[in-house]
Amino acid sequence: MGSRFPSHQLSNGLYVSGRPEQPKERAPTMSSSAMVYTGGDIKKSGELGKMFDINTDGSKSRKSGPITGPSRTGSFTGVASHSGPIMSNAARSSYSTSGPVSTGGVPVSVKKSNSGPLNKHGEPIKKSSGPQSGGVTPVNRQNSGPLPPVLPATGLITSGPISSGPLTSSGAPRKFSGPLDSKGSMKVHGVVHNQAVTTLTKDDDYSFKKGFPKIILWSMILLFVMGFIAGGFILGAVHNGILLVIVVVLFIIVAALFTWNTCYGRQSIIGFIARYPDAELRTAKDGQYVKVSGVVTCGNVPLESAFQKVPRCVYTSTSLYEYRGWDSKAANPTHRKFTWGLRSSERHVVDFYISDFQSGLRALVKTGYGARVTPYVDESVVVDVNPLNKDLSPEFVRWLGERNLSSDDRVMRLKEGYIKEGSTVSVMGVVQRNENVLMIVPPGDAFTTGCQWAKCMLPGSLEGIVLRCEDASKVDVIPV
């Protein structure tokens with residue numbers, strides 16, 4: 001029977017008036033449900049196999065075969081245990097198998113655990129870095145590239161050739177040979193065989209004769225010889241001695257100039273170093289010749305002075321002089337009478353650090369490992385011995401005995417100089433920057449001072465790294 005009021009029937013069979021209610025769209029809700037254990041079967045993994053583009057057709061698997069005895073023993077703890085032939089790589093790439101597995105009738109114990117993304121064949125992607133050869137046991141490493149170098153004892157990284165620096169080829173601090181004292185300083189009698197220590201000789205001292213060009217010297221000698229011959233010939237032929245007088249005057253002037261430079265050349269070089277302006281390491285360019293003044297800090301191999309046993313030095317010098325009288329023995333083949341001659345000398349220098357006064361930066365001064373060094377370090381008289389008081393210093397007699405030097409009736413004087421940690425020095429050399437490491441290295445060519453006409457000084461040359469330090473025994477050091 002019809003009605004003009006619309007009605008509809010509910011699900012329980014009752015009829016109600018009105019139109020049926022339109023179903024409302026429910027807001028999406030996040031829910032979690034227990035995942036079905038697939039047992040490594042790609043067919044049961046649903047959308048997971050499609051995400052990695054894995055073929056779920058079992059017929060196209062590279063390895064196939066029935067799983068015999070699909071029984072599970074024990075309780076499930078996230079690792080499935082199977083026995084029987086392995087079906088495919090895909091079936092064993094996403095879970096672990098343990099226990100005896102039968103492959104062709106031979107029981108084999110297999111334990112494999114893989115996690116992470118899979119490739120298109122269903123195999124886990126191997127995370128490895130660097131080439132690996134066959135048969136090499138893989139190494140569990142999370143990083144790639146060379147290991148960071150081990151810092152030396154001073155906390156700074158040095159640069160330069162591995163064979164001539166404080167680090168070995170593996171980045172570890174180089175082991176040095178030689179006896180150390182209780183404070184870690186290298187004793188002088190053991191530094192001769194240490195490659196980190198530079199042993200200086202008399203040839204490393206400043207010498208005007210050595211620095212003056214030989215060609216110019218022999219040319220001047222030849223000109224004066226020719227001038228004397230010509231002046232003497234004119235004087236004998238025409239009785240005119242003007243040319244001879246001019247040649248003699250020029251010879252006296254040149255001889256006096258050479259004598260002046262030979263005697264006071266060292267003082268002139270020290271004055272030139274003092275007047276040379278200090279450079280700021282912060283703005284110094286790579287390859288620039290600079291002078292840096294600052295406080296010294298020892299490197300890996302500190303030294304100890306030979307006689308006074310001053311520890312933690314970067315430079316030591318001990319010199320024994322003898323006075324030659326009328327009937328005395330000569331200290332060396334070039335020793336003249338009534339002068340002091342050098343009989344024995346021990347000078348050593350090693351790499352050290354200098355903190356610049358201008359910028360506060362710290363630089364490594366490469367004076368060790370046989371580097372070319374010209375020292376201008378003042379020495380002080382330690383012992384003054386004559387035949388009357390030679391027995392008053394048993395330490396001096398012991399020092400002579402250690403070096404097989406005779407202690408007969410001679411007038412001797414022992415001088416010692418050193419640069420110890422905390423001293424203020426001036427260093428002249430070439431700036432070298434290697435990434436973040438700042439060094440001062442010897443220049444390739446000698447540095448010329450130029451003529452100093454006001455002091456009648458000819459040009460002098462500075463070879464290698466120049467070290468300038470006043471008498472350290474009279475100057476207070478800065479604690480570092």
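Let me start with Ser 344, which sits in strand E8, residues 340–349. This is a predicted model, so everything I say about it is computed from predicted coordinates. Is Ser 344 buried or exposed? Its relative accessibility is 15%, and buried means under 20%, so Ser 344 counts as buried. What is it in contact with, once neighbours within four places in sequence are set aside? The partners of Ser 344 are Thr 318, Ser 319, Leu 320 and Leu 405.

Next, the nonpolar cores. As background, nonpolar side chains in soluble globular proteins tend to be buried together. In this model the largest nonpolar core has 35 residues. The members that touch the most other members are Val 314, Phe 352, Ile 354, Ile 419, Val 425, Val 427 and Leu 467. Which element gives this core its largest share? That is strand E6, residues 289–298, with four residues.

Take Ile 419 from that list as an example. Leaving out residues up to four places away in sequence, Ile 419 touches Val 296, Cys 313, Val 314, Tyr 315, Val 377, Val 425 and Cys 469. Of these, Val 314 and Val 425 are also on the list of members that touch the most others.

Now a loop position. Ala 196 is in the loop between strand E4, 106–109, and strand E5, 198–200. Although Ala 196 is in a loop, its relative accessible area is 3%, so this residue is buried.

Last, backbone angles. Most residues other than glycine have a negative phi. Which way does phi go at His 239, positive or negative? It is positive, near 55 degrees. His 239 is in the loop between helix H3, 214–238, and helix H4, 242–275. With a relative accessible area of 68%, His 239 is exposed.

Glu 435 has a positive phi as well, near 60 degrees. Here the loop runs between strand E14, 424–434, and strand E15, 437–441. Where exposed means over 50%, Glu 435 counts as exposed because its relative accessibility is 76%.

To put the two side by side: His 239 lies between helices, and Glu 435 lies between strands.

Conventions: Residues numbered from 1 in each chain as written. Predicted model: local features only at pLDDT ≥ 70, side-chain atom pairs only at ≥ 80, totals over all residues. Heavy atoms only, no water. Core = buried A, V, L, I, M, F, W, Y, C linked by side-chain atoms within 4.5 Å. Buried < 20%, exposed > 50% of the residue type's maximum accessible area, 1.4 Å probe, protein only. Contact = heavy atoms within 4.5 Å.
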